[in-house]
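Student: Can you walk me through this one? I'd like to start with pockets, then go to strands and rings.
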Amino acid sequence: MFTLAPLFGNGAVLARNKEIRVFGTAEDGAELRAVLADKTGGALAEAVCTAEDGRFLLWLAPQTTQIGCTLTVTDGTASVTSKDIAIGEVYFAGGQSNMELELQNADEGPELIGKHLDPDLRYFNVPKKPVWDDSAVEAERQSHWESIRPGYGKDMSAVAYFFAVKLRAKLGVPVGVIDCYWGGTSITCWMDEVALKRTAEGQRYMNEYAERAGDKTMEQYLKEEAAFGQYCVEWNQKADALRKEKPDITWPEINGIIGQMQWNPPVGPGAPYRPSGLCETMLKRVVPATLTGFLFYQGEEDSGRSSCYDELLVSAVKRWRELFMDEELPFLNVQLPMWISSEGVEDGGWGRFRHVQERAWKRLRNSGLAVTIDCGEFDNIHPTDKRTVGERLFEQALSVVYGEQGKESPRATGKHTVGNVLTVTLTAPVTARGEETLLEIAGQDGKFVRAEVTVDGDKLRLSSPEVPHPVAARYAHVNWGKVQLFGENGLPLAPFILE
């Protein structure tokens, strides 16, 4: 007997114009056959394979856009037919909590959930399981595709939803999103040991986590996890009660009354935050599906350890491309916005992290980086405006995936100094919406100070009485600040460091 992966069940979206990979489990030696048929029953493609190592993988020829198709897989004894199959664009949405934030919790979400009808916009939630056990097997068995219709879509990633809506409007083809994320996770959670061992930083993460976990048993871990979970439930109940009593109460006020939540999840063999864990129990459950592209929003968890993050991200993307059997798989990333907690110290950590994300973007071919520094909220690490983020990812897709000119943030391209003025050249003109405070310059001593700014179209002229001969400039090198410089297309100037 064989089992077809739920990703290919009723309502599935398969990627167009690429070989379609269909997989599942079967006894070694079993002969599997797949037939993809159009809505009239006519065969579009057929494939056969022999199961090995308990799995089968069928390759179907590339197809153009279709709806109302069927997919039948048989081993000669039993067969499974999936209906309402669509062929269009398929994106994998990964990351941590800001990608995880569901449509029901986003701005406009409840209203859209109540009325939006689009049967060709669909999503598949990969079950959130930190270990592969009987409950994970059952959760995967129950997983399925959903289409957007009134009353549905509440548990879809809001960022991915707004991205998909724009893509549907632009292309007019079915769009499917595979949601696969977990709040609070490091990039290393989504990298298998192969990817982690390719970098010294990945190996350090693995070794440090193993040291922290020690010889803790699963029983010990589960006991600690239950205690931590109860603490989180009680804290959230107190916070919800305060918000219900005082709707206008701020998070600093809540923290002042009940104390700030202590985010200290236990480590151990069952933790979702262990290196490579979720790569094995979640991401690899949909490998090697045929994808159009990859959407990613992650980094908050790694922002305090940013110096080698680009090494990790580049290694992760290269490995994902191997796993999904597509060396050119487009990778669209979100650059972190502004953020600082009410009790936080301005150490520039998030500013440094944004620049490391840019380094990774420049090293990765076929990749895009959506600038969102104007999308942050003070003391709220989870802004609920996800439309802006999703639509900026869409603009990246236009450029990277579809060969069109998407809207891009202006970027710095170079600098030169004449006397006491350093001039930065940009890719496009910008204007200031108020007094600019995020630009800094430094002399040979490397000490950055706030710059006085003259905006001249696609040039920024920077000076300071404290720096007689500036040689370096940087922009938005902070956790939190008011963004004032925008291009004519409404997008913010991208952070930069020119040294």
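Tutor: First, a term: a pocket is an open set of grid points where a 1.4 Å probe fits, with protein on both sides within 12 Å along at least five of seven lines. Its volume is the space filled by probe spheres set on the points. Keep in mind that this is a predicted model.

Student: What volume does the largest pocket have?
Tutor: About 1600 Å³.

Student: Which residues are closest to its centre?
Tutor: Ser97, Met261, Trp263, Ile381 and His382. They belong to a lining of 40 residues.

Student: What classes make up the lining of the largest pocket?
Tutor: It has 17 polar, 14 nonpolar and 9 charged residues.

Student: And which helix gives the most to that lining?
Tutor: α7, with 6 residues. At least two residues each come from α1 (97-100), α7 (218-245), α8 (251-258) and α11 (349-363).

Student: Switching to strands. What is the order in the open sheet of 3 strands?
Tutor: β1-β3-β6, with antiparallel pairing. β1 (3-4) and β6 each have a single partner strand, so one side of each is left without a neighbour in the sheet.

Student: How many bridges join β1 to β3?
Tutor: There are 2. Leu4 has Gly24 in β3 as its bridge partner.

Student: And between β3 and β6?
Tutor: β3 (residues 20-25) pairs with β6 over 6 bridges. There, Phe23 has Leu57 as its bridge partner.

Student: Which side chains of β6 are buried?
Tutor: Phe56, Leu58 and Leu60, on one face.

Student: Now rings. How many aromatic pairs are there in the whole structure?
Tutor: A search finds 21. One of them is Phe294 with Phe296, a tilted pair at 6.4 Å centre to centre and 55° between the planes.

Student: Why tilted and not edge-to-face?
Tutor: Because edge-to-face needs planes over 60 degrees apart and stacked needs under 30. The 55° of Phe294 and Phe296 falls in the rest.

Student: Are those two buried or exposed?
Tutor: Phe294 and Phe296 are buried. Ring pairs also link them into a cluster with Phe92, Trp320, Phe324 and Phe331.

Student: Which rings have a charge sitting over them?
Tutor: Tyr152 is one, with the charged end of Arg149 3.5 Å from its ring centre. Trp132 is another, with the charged end of Arg285 3.9 Å from its ring centre.

Note on methods. Residues are numbered from 1 along each chain as its sequence is written. This is a predicted model: local features need pLDDT of at least 70, side-chain atom pairs count only at pLDDT 80 or more; totals for chains, interfaces and linings use all residues. Side-chain values use heavy atoms; hydrogens and water are left out. Rings of Phe, Tyr and Trp (its six-membered ring) pair if their centres lie within 6.5 Å; planes under 30 degrees apart count as stacked, over 60 as edge-to-face and the rest as tilted. Buried means under 20% relative accessible area, exposed over 50%, partly exposed in between (1.4 Å probe, protein chains only). A charge sits over a ring if NZ of Lys or CZ of Arg is within 6 Å of the ring centre and within 35 degrees of the ring normal. Helices (H or I, at least four residues) and strands (E, at least two) are DSSP runs, numbered from the N terminus. Two strands pair if DSSP finds at least two bridges between them. On a 1 Å grid over the protein atoms alone, a cavity is a set of points where a 1.4 Å probe fits but cannot get out, and a pocket is an open set with protein on both sides within 12 Å along at least five of seven lines; lining residues have an atom within 4 Å of a point. Ala, Val, Leu, Ile, Met, Phe, Trp, Tyr, Cys and Pro count as nonpolar, Asp, Glu, Lys and Arg as charged, and the others, Gly among them, as polar.
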